[in-house]
Amino acid sequence: TLFKGVNMRIIRITLLSLLLLMIALPLYAEGRLTYYCSTDIPWCELMKKEFEKRTGIRVSMTRASTGETLTKIRAEKSNPKGDVWWGGTGDPHLQAAEEGLSQPYNSPKLSELHDWAKTPHQATGGKTVGIYLGALGYGYNTELLAKKGLPVPKCWNDLLHSAYKDEIMMAYPSTSGTAYTTLASMVQLFGEQGGFNYMKGLHRNISQYTKSGSAGIKAAARGEITIGIVFVHGAVKQAVSGFPIQAVAPCEGTGYEIGSVSIIKGARNLESAKKFVDFALTADVQSRSGEVKSYQVPSNKNAISPPEAPDISSIKLIDYNHALYGSKVERTRLLKKWDSDVKVLPR
C-alpha cells in the first residue's frame with residue numbers, strides 16, 4: 001500500500017542504480033589522487049605522469065610554493081581537498097604535522113633512506129619524511145656582474161655591499177620556503193639580533209620580493225636582475241640550462257632544506273596517497289630528477305644523483321635546527337618580526 005499508484009519498475013531500477021553506485025564509489029575513490037606539489041613545475045608534472053603510468057591512478061595536481069600550500073591545507077582543514085603534499089622545504093611540512101594537518105604513515109621504503117631523511121619522520125611520529133636535501137645559497141648573472149663592474153660575491157655578508165643596491169631578488173618568507181629558510185639561517189648564523197640586522201641590510205639591496213623562491217634566479221638567468229637568492233641546486237639548474245649563472249655556497253656557512261612529502265589528514269584517497277609516498281621514496285623514481293634538471297640530493301641511498309648536482313660535502317652546512325624553526329610558534333614569531341622590523345623599512 002505504501003507504493004500504491006507508483007510505478008514499481010521505476011522504483012526497482014532506481015534502487016538498483018543506487019546499489020551499483022554505492023558499490024562503485026570505493027573503487028572510484030581508490031583510482032584517484034589529489035596531489036599538491038611545491039617544487040618546480042617540470043618535476044611536479046614528471047611525478048604526476050609517472051605515478052599515473054605505474055599505478056593507473058588518475059592524478060589531479062595543484063602547484064604552489066610551500067608557504068602558499070600550507071595556507072591552503074590549513075584553510076581546508078575542516079573539509080580536506082588534497083590527499084598528499086610533495087616537495088618544498090621541510091619546515092612547513094613540520095608545521096603542518098604539528099598543527100594536525102597531516103597524518104602518520106610508515107612506508108616500507110624507510111629502511112632505504114639516509115638518516116637525515118628519516119629525521120623529520122621520527123620528529124613528527126611519522127607524519128612527514130624527507131625526499132631530498134638542498135643547500136641554501138644564491139646565484140649571480142656573470143655577464144651582468146661584469147657589465148656593471150660589480151665585485152664578485154662569495155659570502156652572505158658580501159650581499160650587504162652598497163654596490164648591490166637594487167641588484168638582488170628574493171621571495172617573501174611568508175610565502176616561500178626558500179626565503180623562510182634564508183631568514184632562519186641568518187638567525188642561526190649570526191644570532192637573532194645579528195640575523196635581523198642582516199635581513200635589514202639585505203632589504204636595502206632588494207629590488208623586488210616575489211612569491212616563489214625560484215623566481216629570483218630565473219629572473220637573473222633572463223638578465224632582469226643580477227643576483228637571486230635560492231637553493232644552490234636552483235642556480236645550478238639555470239647554469240646547466242645554458243644561462244650565465246654562477247652558483248655560490250656562501251663562505252660563512254649556510255642552512256639547508258630537507259624537502260619532504262606528507263599525507264594530508266582526512267585524505268579522501270588514503271590508499272592512493274600511501275602508494276604515492278612509496279613511489280616518491282623509490283630509488284629509481286628519485287634518480288629521474290636529472291631529467292627535469294632538478295639537482296637536489298635524493299633521500300634514497302640507492303638513488304643516483306645527477307653528475308651536475310652540487311657536492312654537498314664541499315659546502316659548509318650549519319647545524320640547522322629543523323625541529324625548532326619548523327615549529328608553528330617559532331615560524332610564526334619570526335615571520336611576524338620580519339614583517340614588523342624588515343618589510344616596513346624603505347628601500
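Where do Arg 54 and Glu 50 both lie, and how many residues apart are they? Both are found in helix H2, 4 residues apart, which is about one turn of the helix.

Good morning. The structure before you is a predicted model. Let me begin with the confidence of the prediction. Across the chain the mean pLDDT is 92, and 91% of the residues reach 70 or more. Two stretches call for caution. In residues 1–6 the pLDDT is below 50, and this stretch has 3 contacts in the model beyond near neighbours in sequence. Over residues 20–29 the pLDDT also stays under 50, and there the model has 2 contacts beyond four places in sequence.

I now turn to helix H2, which covers residues 41–55, and its partner H10, which covers residues 270–280. Their axes come within 11 Å and cross at roughly 110°. An angle from 65 to 115 degrees counts as roughly perpendicular, and so H2 is roughly perpendicular to H10. The crossing of these two helices is right-handed. On the H2 side, the contact is made by Met 47, Glu 50, Phe 51 and Arg 54; on the H10 side, by Ser 272, Lys 275, Phe 276, Phe 279 and Ala 280. Sorted by class, these are 5 nonpolar, 1 polar and 3 charged residues.

Side chains of opposite charge can pair when their charged atoms come close. Here, the side chains of Arg 54 and Glu 50 form a salt bridge, with 2.7 Å from N to O. In total, the model has 17 salt bridges.

How do helices H3 and H4 cross, at what angle and within what distance? H3 spans residues 66–75 and H4 spans residues 90–98; their axes come within 9 Å and cross at roughly 15°. Angles under 35 degrees count as roughly parallel, and H3 and H4 are therefore roughly parallel to each other. H3 passes H4 in a right-handed crossing. From H3, the residues Thr 66, Leu 70 and Arg 74 meet Pro 92, Gln 95 and Ala 96 from H4. This contact has 3 nonpolar, 2 polar and 1 charged residues.

The last pair is H7, residues 177–203, with H13, residues 328–343. Their axes lie 10 Å apart, and the helices pack at an angle of about 10°. That makes H7 roughly parallel to H13. Is the crossing left-handed or right-handed? H7 passes H13 in a left-handed crossing. Among the H7 residues in the contact are Tyr 180, Leu 183, Glu 192 and Phe 196, and among those of H13 are Arg 331, Leu 334, Trp 338 and Asp 341. By class, the contact comprises 9 nonpolar, 1 polar and 8 charged residues.

Thank you for your attention.

Conventions: Residues numbered from 1 in each chain as written. Predicted model: local features only at pLDDT ≥ 70, side-chain atom pairs only at ≥ 80, totals over all residues. Heavy atoms only, no water. Axes fitted to C-alpha atoms, helices over the stretch in contact; angles between N-to-C directions. Parallel < 35°, antiparallel > 145°, perpendicular 65-115°, else oblique. Left-handed = near helix turned anticlockwise from the far one by under 90°. Contact = heavy atoms within 4.5 Å. Nonpolar A, V, L, I, M, F, W, Y, C, P; charged D, E, K, R; others polar. pLDDT = per-residue confidence, 0-100. Salt bridge = Lys/Arg side-chain N within 4 Å of Asp/Glu carboxyl O.
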